[in-house]
Amino acid sequence: MKQFVPTVGSVPTQPSHPIPYKLVPMNRELVPQIAEIERSCFSLPWTEEMLYEELESLNTTCIVAVTEEQEVLGYASLTVVLDEGYINNIAVRRPYRRIGLGSELLRVFERFSIANHLAFLTLEVRDTNLAARALYHSFGFEEVGRRKNYYEKPREDAILMTKYYNKEGTNP
Ligand SMILES: CC(C)(COP(=O)(O)OP(=O)(O)OC[C@H]1O[C@@H](n2cnc3c(N)ncnc32)[C@H](O)[C@@H]1OP(=O)(O)O)[C@@H](O)C(=O)NCCC(=O)NCCS
């Protein structure tokens, strides 16, 4: 799988004090912060061990938004199998939400999907996770199914959301 090229941007936490960040592939030094964000976001978080394992995976990439001071603002993980893209996770540190970071991370996967002719990107999301569902909707993901009682802690359905890139009109 091709490596993502690091890109730069800034998040406008205050109009006069934007925080510059880079999008970089996950590395070992960033894992503890990512695990910390996992624990703050999810009832069944990925552990540091799981994240180190992910670093070894040839078909999974985790991209990370990181400041000059090496603070992780958010991250997202994608697994590619043949021409299918599976978004494993996306999370943004709480104080930096709703200022476009989640979208910026998703845009990287969109560009990757188009450049590498993926047929679709797909993911599962908790039924009650309205913020994430709204984010995916805003990118044109459609609800294509439901897995009953897929999640635990609490038990809850998963909504399957998919965006196709090889359908006429959806791939620019
Ligand atoms: C889901 C998540 C990654 C979104 O990240 P974010 O950086 O806040 O997203 P963005 O600022 O790019 O938001 C883009 C759009 O998504 C939608 N959205 C994001 N958060 C929302 C919320 N809390 N309520 C409603 N819509 C929301 C909006 O349409 C928003 O556009 P707008 O701000 O112009 O209205 C973030 O809320 C998060 O980390 N949640 C916890 C982890 C998680 O649940 N991950 C998903 C696992 S499937």
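These notebook entries record what I looked up in one predicted model.

**Conventions.** I number residues from 1 along each chain as its sequence is written.

**Overall form.** I began with the chain, which has 4 helices and 8 strands. Helices (H or I, at least four residues) and strands (E, at least two) are DSSP runs, numbered from the N terminus. Along the sequence I read the pattern β-β-α-α-β-β-β-α-β-α-β-β. The C-alpha atoms fill a box of roughly 40 × 40 × 35 Å along the principal axes. I then checked the radius of gyration, which is taken over C-alpha atoms. For 172 residues a compact globule would have a value near 16 Å, and the chain agrees with 16 Å; the globule rule is 2.2 Å times the number of residues to the power 0.38.

**Nonpolar core.** I looked up the largest nonpolar core and found 37 residues. Such a core is a set of buried Ala, Val, Leu, Ile, Met, Phe, Trp, Tyr and Cys residues joined through C-beta atoms within 7 Å. Buried requires 20 or more other C-beta atoms within 10 Å of a residue's own, exposed 12 or fewer, and partly exposed lies in between, with C-beta atoms placed from the backbone. Strand E4 (72–81) gives the most to this core, with 6 residues. Ile34, Val64 and Tyr75 are among the residues with the most contacts inside the core. Beyond four places in sequence, Tyr75 touches Met26, Ile34, Cys62, Ile63, Val64, Ala65 and Ala91; contact means C-beta atoms, placed from the backbone, within 7 Å.

**Ligand shell.** I counted 20 residues around the ligand, the closest being Arg97, Gly102, Ser103, Ala131 and Ala134. A residue is near when its C-beta atom, placed from the backbone, lies within 6 Å. Helix H4 (130–138) is one of the elements supplying at least two residues of the shell, and H4 gives the most, with 6. I recorded 12 nonpolar, 6 polar and 2 charged residues in this shell. Here Ala, Val, Leu, Ile, Met, Phe, Trp, Tyr, Cys and Pro count as nonpolar, Asp, Glu, Lys and Arg as charged, and the others, Gly among them, as polar.

**Glu143.** I located Glu143 in strand E7 (residues 142–151). Glu143 counts as partly exposed because it has 13 C-beta neighbours inside 10 Å. Outside four places in sequence, Glu143 is in contact with Ile159 and Met161.

Methods: This is a predicted model: local features need pLDDT of at least 70, side-chain atom pairs count only at pLDDT 80 or more; totals for chains, interfaces and linings use all residues. Two residues are in contact if their C-beta atoms, placed from the backbone, lie within 7 Å.
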